Amino acid sequence: MKNKLLIILTLILISSIMLSFNIFKSNPEEDFWKWFEKNEKFIYENVENKDKQEKVFDDISSRLHKIDENLVFEFSPIHENNIREFSVSADGIKESFPAVEKLIAISPRIKNWQFNAFRQRIPGDELTLDFGKFKIGYDDIYFRHSTSNNELGVELNIRNYDESAQMQNAIYVLLDGLLGEYDVTMNIKWIEWVKLDENNVENLDKLTELRDLIDSRKK
């Protein structure tokens with residue numbers, strides 16, 4: 001009887017210890033927002049400050065990587081309504097989308113801040129990126145598409161395409177700006193990359209028309 005009682009008391013003790021551990025276990029998402037709230041004024045004011053920007057960005061990156069190593073982020077300029085946007089991105093890696101959604105779902109309400117899941121669409125039909133060695137914009141890319149098995153696939157026809165990783169990364173930035181990161185990853189099944197034949201432009205669609213195509217398929 002004593003042995004049985006001892007076993008029961010031991011199990012109760014173990015359960016209590018485990019329960020206490022779960023209660024006080026660190027939650028990286030909550031930890032991130034507690035830190036952000038504490039430092040939001042400094043962050044808000046110093047995103048463009050070259051002397052302090054590196055520290056701000058390094059701090060945010062290290063804390064996001066505790067949640068998921070693929071998470072990246074970007075800030076918007078301060079808008080006319082004094083709102084600065086903070087967008088957390090999975091960098092196009094589908095497996096990390098739930099981590100982004102979980103983090104933003106518990107984001108606090110802070111004056112002058114807007115928190116976004118994934119890279120957002122950039123309004124307008126004109127965007128050009130300058131990478132020093134090359135410039136590329138919406139006007140340099142045309143496409144044609146397939147909807148086989150009700151899945152959208154896109155062939156991008158790119159002016160001066162050199163097959164480099166740098167140019168592909170630039171094109172993904174353009175696509176994220178045009179469509180938003182979520183739509184690029186979740187609503188396009190495959191993408192093929194080819195060099196633009198200038199003599200075939202009339203048989204292709206302008207890249208900006210891809211936005212309407214994506215949106216029409218979501219209705």
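In which sense, left-handed or right-handed, does H2 pass H3? In this predicted model, H2 passes H3 in a left-handed crossing. Two packed helices are described by the angle between their axes and the distance between the axes. For H2 and H3 the angle is about 160° and the axes lie 11 Å apart; since angles over 145 degrees count as roughly antiparallel, the two helices are therefore roughly antiparallel to each other. On the side of H2 the contact is made by Phe32, Trp35, Phe42, Ile43 and Asn46, and on the side of H3 by Lys52, Gln53, Val56, Asp59, Ile60, Arg63 and Leu64. By class, the residues of the contact of H2 with H3 divide into seven nonpolar, two polar and three charged.

Helix H2, which spans residues 28–46, also packs against helix H4 (residues 97–105), and here the axes come within 9 Å and cross at roughly 50°. H2 and H4 are therefore oblique to each other, and the crossing of this pair is right-handed, whereas that of H2 and H3 is left-handed. The residues that meet are Glu29, Phe32 and Trp33 from H2 and Lys102, Leu103 and Ile104 from H4. Four nonpolar and two charged residues, with no polar residue, make up the contact of H2 with H4.

When residues up to four places away in sequence are not counted, Ile104 touches Trp33, Val88, Phe115, Asn116 and Ala117. Ile104 and Trp33 are 71 residues apart in sequence, while their C-alpha atoms are 9.6 Å apart in space. Among the other residues touched by Ile104 is Val88, and strand E2 covers residues 84–89; Phe115, Asn116 and Ala117 are likewise touched by Ile104, and strand E3 covers residues 113–117.

These strands belong to an open sheet of three strands, which has the order E1-E2-E3 and mixed pairing. Strand E1 (72–75) and strand E3 stand at the edges, each with a single partner strand, so that one side of each is left without a neighbour in the sheet. On average, and with direction ignored, neighbouring strands of this sheet are turned by 20° against each other. The pairing of E1 with E2 is antiparallel and extends over four bridges, with Val72 standing opposite Ser89 in E2. Helix H3 (residues 50–65) lies across E1 and E2 and runs at about 145° to E1, and H3 is also the helix that packs with H2 at an angle of about 160°.

A further open sheet contains four strands in the order E8-E7-E6-E9, again with mixed pairing. Strands E6 and E7 pair in the antiparallel sense over six bridges and form a hairpin with six residues between them, in the turn of which Asn149 has a positive phi of about 55°. Strand E6 (residues 141–146) pairs with E9 as well, in the antiparallel sense and over two bridges. Tyr142 has Asn157 as its bridge partner in E7 and stands opposite Lys206 in E9, while Phe143 stands opposite Asp205 in E9.

Two helices are placed against this four-stranded sheet. Helix H5 (residues 165–179) lies across E6, strand E7 (153–158) and E8, running at about 125° to E8. Helix H7 (residues 209–217) packs on the sheet as well, touching E6, E7 and E9, and its direction makes about 30° with that of E6. The loop between E9 and H7 contains Thr208, which counts as buried at 17% relative accessibility. With residues up to four places away in sequence not counted, Thr208 touches Asp125, Tyr138 and Leu178; of these, Leu178 falls within the range of helix H5, residues 165–179.

Note on methods:
Residues are numbered from 1 along each chain as its sequence is written. This is a predicted model: local features need pLDDT of at least 70, side-chain atom pairs count only at pLDDT 80 or more; totals for chains, interfaces and linings use all residues. Side-chain values use heavy atoms; hydrogens and water are left out. Two strands pair if DSSP finds at least two bridges between them. Contact means heavy atoms within 4.5 Å. Axes are lines fitted to C-alpha atoms, for helices over the stretch in contact, and angles run from 0 to 180 degrees between N-to-C directions. Angles under 35 degrees count as roughly parallel, over 145 as roughly antiparallel, 65 to 115 as roughly perpendicular and the rest as oblique. A crossing is left-handed if the near helix is turned anticlockwise from the far one by less than a right angle, and right-handed if clockwise. Ala, Val, Leu, Ile, Met, Phe, Trp, Tyr, Cys and Pro count as nonpolar, Asp, Glu, Lys and Arg as charged, and the others, Gly among them, as polar. Buried means under 20% relative accessible area, exposed over 50%, partly exposed in between (1.4 Å probe, protein chains only).
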